[in-house]
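Please open the model in your viewer and keep the selection tool at hand, as this tour moves from one selection to the next.

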Amino acid sequence: MRNISAVASVVLIVAGTFGCAKRRPPAEEYPPGESVFRRACQGCHSLPKPDEKTDDGWSDFLRTHVDQAGLTAEEQTTVIEYLRKNN
Ligand code: HEC
């Protein structure tokens with residue numbers, strides 16, 4: 001346990017130190033779904049809020065929109081799962 005928390009502290013210190021130097025935190029700080037969402041969904045407009053739509057709303061809307069956004073099939077699934085979990 002001691003080792004794990006020591007490693008966690010070092011990771012937090014490093015992330016904190018270098019995180020501030022960048023405009024946005026590095027993608028690795030986000031869970032996988034959120035990092036894809038942040039990378040793929042704010043190139044053309046500001047990042048939508050996950051609670052903008054219901055589960056079905058996101059599925060229906062993104063079915064067509066992800067083609068426009070140029071996401072791979074895997075990224076589509078990841079983003080839809082992320083939005084449905086966080087709405
Ligand atoms: C290639 C550019 C592009 C990318 C990348 C993109 N969008 Fe969009 N998005 C648009 C355009 C253009 C509109 C406005 C026209 C429309 O509604 O299709 C829009 C509108 C929206 C809207 C508001 C429209 C509504 O009916 O609610 C939401 C929500 C949205 N995008 C979510 C996303 C998400 C989530 C992603 C990531 C998967 C994403 N967008 C990636 C171009 C993009």
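Begin by selecting glycine 70, which follows H3 and has a positive phi, near 75°. This is a predicted model, in which local features need pLDDT of at least 70 and side-chain atom pairs count only at pLDDT 80 or more, while totals for chains, interfaces and linings use all residues. Residues are numbered from 1 along each chain as its sequence is written. Helices are DSSP runs (H or I, at least four residues), numbered from the N terminus.

Next, go back to leucine 62, where H3 bends by about 45°; the bend is the angle between axes fitted to the seven residues ending at a residue and the seven starting there.

**Two helices together**

Now select residues 55–69, which are H3, and residues 73–86, which are H4: their axes come within 10 Å and cross at roughly 155°. The two helices are therefore roughly antiparallel to each other, a term for angles over 145 degrees. The contact is made by Asp55, Trp58, Ser59, Leu62 and Val66 of H3 and by Gln76, Val79, Ile80, Leu83 and Arg84 of H4, where contact requires C-beta atoms, placed from the backbone, within 7 Å.

**Around the ligand**

Finally, select the ligand and the 14 residues around it, of which Cys41, Gly43, Cys44, Pro48 and Ala69 come nearest; a residue is near if its C-beta atom, placed from the backbone, lies within 6 Å. H3 gives the most to this shell, with five residues.

Note on methods: Axes are lines fitted to C-alpha atoms, for helices over the stretch in contact, and angles run from 0 to 180 degrees between N-to-C directions. Angles under 35 degrees count as roughly parallel, over 145 as roughly antiparallel, 65 to 115 as roughly perpendicular and the rest as oblique. Two residues are in contact if their C-beta atoms, placed from the backbone, lie within 7 Å.
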